[in-house]
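Thanks for making the time, everyone. I would like to walk through one model this morning, beginning with a sheet and ending with a pocket.

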Amino acid sequence: MNAPEFDIKGYLNEKKPFFTSLSDQIWEHPELHFQEKFAVGTMEEALTAEGFSVTKNVANLETAIMGSYGNGPTVIAFLGEYDALPYLSQEGGKAEYNPIEEGGAGHGCGHNLLGVGSFAAAVAAKAFVEKTNAPFTIRYYGCPAEENGSGKAHMVKQGVFDDVDLAISWHPNFFNSTMNLRSLANYAAVFKFKGRSAHAAAAPHLGRSALDAVELMNVGVNYLREHIIQDARVHYAVTHTGGTSPNVVQPYAEVTYLIRAPKKEQVVEIYNRIQKIASGAALMTETTFEEQFEGTASDLIPNETLAKVMQAQFETAEPLEFNDEELQFAGKIFETLDSESKAVAHSILTQEQKNQLGDKRLCNVITPLAPEAMLYGSTDVGDVSWVTPTVQCTTTCLVLGTPLHTWQVVSVGKTSIGHKGMLYAAEIMARTAISCMENPQVIEEAKDELKKRLNGQKYTSLIPTN
Ligand SMILES: Nc1ccc(C(=O)N[C@@H](CCC(=O)O)C(=O)O)cc1
């Protein structure tokens, strides 16, 4: 049996209410990194209902889960995520900013769709194995903390993907394409400064301010920027200011740093220099500091062999269709975007595609397979891509031009637009898997490509051993 004989789209469509409800439930319970208890419980029930055997606490992570079907020697894995972001609470289906809970979390990166879309793909791939007895094992990995924690890096370090032959994932966005991208490796740590409190007026000479240390450290790092490689990125958040009283010298304060560069070695190099700056800040203020590891992700290794297989699925599947109501709503969301986001919206399309799209703000055309490029962001899918050939796509779940990590993502993530994009992604991923199952030599080619790209480099993890 080959792909056209198994009506993947029809199969997924029949189960659409089930997948949509899962995604909406996760959307309604936004949970931050490593706290995804509701999401993982929901996925456990769904995996069980669909006949997968379930392993919980994967890699000793409470919110990681794995569902497996079949016992064929070749293992195909679908990667899902379900974590939300802080301060992005927003009512669903609204074309104006309106948080449900002031300061609350929200699915600003569309991981409610991501987690369920990958699950739907696994369900369809499983159905194919069931129907054909193809010698494959289908797995779904529910991976915690893609944002600010990189759950997959822990899973890879602990060997979770060692027997996987091929990994497939996706990410919601505002266009349809096969990802042929590298990404930035990163490392995040908290610098915790300790000083001595004192009455800021009566005995300021007795105080040693931890907040001063944080500020001086940031000044130092902002000077460092001029002298690091162009492609690096350094961000910080003051995660503890030391209190709210100006008349108390702050005895404790902390700052969280996120350092990124194309290669891990470059991240480490910059990180070592930042540690020196922290020491300098402590020296200047007579404070001390400790570091706490937060997270790390590897750079993404693209796989052209698999990208071509995925692109072929885009080119042969029926395109997305949006109705007038959806297009109208999208038009309203588009108007809320800043002018720069609106301007870049069309930059990824060819002239012909721009004409085809006209003034529609939902993109249903397919981006041609682009030459390898850099995603100026990070993803812990990068870690997986070091140990098994990995391919990802992007589908239209968002309004043209919408930047990730915004309320507009949250709003559209609970509409029929997001749901359609999610099912479409599931279809493309399932078809990619099925195409590989029907032509298993492509999996060997993909493995050879990964080997060539690594050129003898072994996967290393920046996660501290204890
Ligand atoms: N296909 C994508 C995958 C990840 C992201 C993303 O925004 N990732 C976060 C992850 C940060 C982290 O690793 O903690 C980032 O880059 O800030 C964006 C598109």
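Which strands does helix α4 lie across, and at about what angle does α4 run to β3? Before I answer, please keep in mind that what we have on the screen is a predicted model. Helix α4, which covers residues 111-132, lies across β2 (65-69), β3 (74-81), β4 (136-143) and β5 (166-173), and its direction is at about 155 degrees to that of β3.

Let me turn to the sheet itself. Seven strands form an open sheet with mixed pairing, and their order reads β1-β2-β4-β3-β5-β13-β6. The edges are taken by β1 (53-56) and β6 (177-179), and because each of these has a single partner strand, one side of each is left without a neighbour in the sheet. On average, and ignoring direction, neighbouring strands here are turned by 25 degrees against each other.

Now to the second largest pocket, which holds about 290 Å³ of space. Its lining consists of 15 residues, and the closest to the pocket centre are Trp 386, Val 387, Leu 450, Lys 451 and Leu 454. Both α12 (381-387) and α15 (441-454) supply at least two lining residues each, with α15 giving the most, namely four.

Key: Residues are numbered from 1 along each chain as its sequence is written. This is a predicted model: local features need pLDDT of at least 70, side-chain atom pairs count only at pLDDT 80 or more; totals for chains, interfaces and linings use all residues. Side-chain values use heavy atoms; hydrogens and water are left out. Two strands pair if DSSP finds at least two bridges between them. Axes are lines fitted to C-alpha atoms, for helices over the stretch in contact, and angles run from 0 to 180 degrees between N-to-C directions. Contact means heavy atoms within 4.5 Å. On a 1 Å grid over the protein atoms alone, a cavity is a set of points where a 1.4 Å probe fits but cannot get out, and a pocket is an open set with protein on both sides within 12 Å along at least five of seven lines; lining residues have an atom within 4 Å of a point. Grid points are joined across faces, edges and corners, and a volume is the space filled by probe spheres set on the points.
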